[in-house]
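Subject: The structure you asked for

Hello,

Here is the structure for you to look through. Please open it first, then read my notes below.

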Amino acid sequence: MPNTYAIYNDIDAAEQLLAQTYDAETGEITGDYETAEKLRQEVQALGLETLCKARANRLALIANIKAEEDRLKARRQRLENTVDSLESDINAVYQRGDAPVQYAGNFTISTRKSTQVITDGTFYDERFIRTTTSVDKAELKKALTAGEQIMGAHLQTNYNLQIK
């Protein structure tokens, strides 16, 4: 991480040097204003470049971490599928026995009864349907842009940083 404190200090020092090149009371230039202004611009550009490079490095690191997470997620899914397959095989072998509880070394295998609700494409009963409401912000923006006054909503102008 770059030392942002040092970047701000360097810019402040360059601005102070620039301020020393003219007399505030008379407005008269007393030093090499053009050189001081060029130095200030260079210091600012260097600070911005340093921060942008640090940002780019962090974005690359984030992308690498995301790729690793995706790889691990795929690996976990393969392992979970293997476990599901093993459990299916265990159940098949268990079903061949006649005892409700079977022992295999350190393991005890049995089944328990459960109930599951299954619905098909024809099911519809409003008592069991959940609905959620949400704001259609695209349509709301169109209405506000057209000049419509809507209580509880307004347009806000933002200035978003763009780094290319």
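Where is Tyr124 found? Tyr124 sits in the loop between β2 (107-109) and α3 (137-145). Helices are DSSP runs of H or I with at least four residues, strands are runs of E with at least two, and both are numbered from the N terminus.

Some ground rules come next. This is a predicted model, in which local features need pLDDT of at least 70 and side-chain atom pairs count only at pLDDT 80 or more, while totals for chains, interfaces and linings use all residues. Residues are numbered from 1 along each chain as its sequence is written, and side-chain values use heavy atoms, with hydrogens and water left out.

**Confidence**

The term pLDDT is the predictor's confidence in each residue, from 0 to 100. The protein averages 91. A score of at least 70 is reached by 100% of the residues. Helix α1 (residues 4-19) has the lowest confidence, with a mean of 91. The highest is in α2, at 95.

Asp120 is exposed because its relative accessible area is 51%. The side chains of Asp120 and Thr122 make a polar contact of 2.6 Å. A polar contact is a pair of N or O atoms within 3.5 Å; within protein, one must be able to donate a hydrogen and the other to accept it, and residues adjacent in sequence count only if both atoms are side-chain atoms.

**Salt bridges**

Side chains of opposite charge can pair when their charged atoms come close. How many salt bridges does the structure hold? It holds 7. Each one is a side-chain nitrogen of Lys or Arg within 4 Å of a carboxyl oxygen of Asp or Glu.

Start with Glu37 and Arg40. Their closest N and O atoms are 2.9 Å apart. Why are they about one helical turn from each other? Because they are 3 residues apart in helix α2. That helix spans residues 33-96. Glu37 and Arg40 are both buried. For Arg40, the relative accessible area is 17%. Arg40 also touches Ala14, Glu15 and Leu18, leaving out residues up to four places away in sequence. Contact here means heavy atoms within 4.5 Å.

Next, Glu68 and Arg71 form a salt bridge of 2.5 Å, N to O. Both lie in α2, 3 residues apart. Glu68 is partly exposed, at 36% relative accessibility. Arg71 is partly exposed as well, at 43%.

Last, look at Glu139 and Lys142. In this salt bridge the closest N and O atoms are 3.3 Å apart. Both residues lie in helix α3, about one turn from each other. Glu139 is partly exposed at 43%, whereas Lys142 is exposed at 54%.

Best wishes

Definitions and conventions
Buried means under 20% relative accessible area, exposed over 50%, partly exposed in between (1.4 Å probe, protein chains only).
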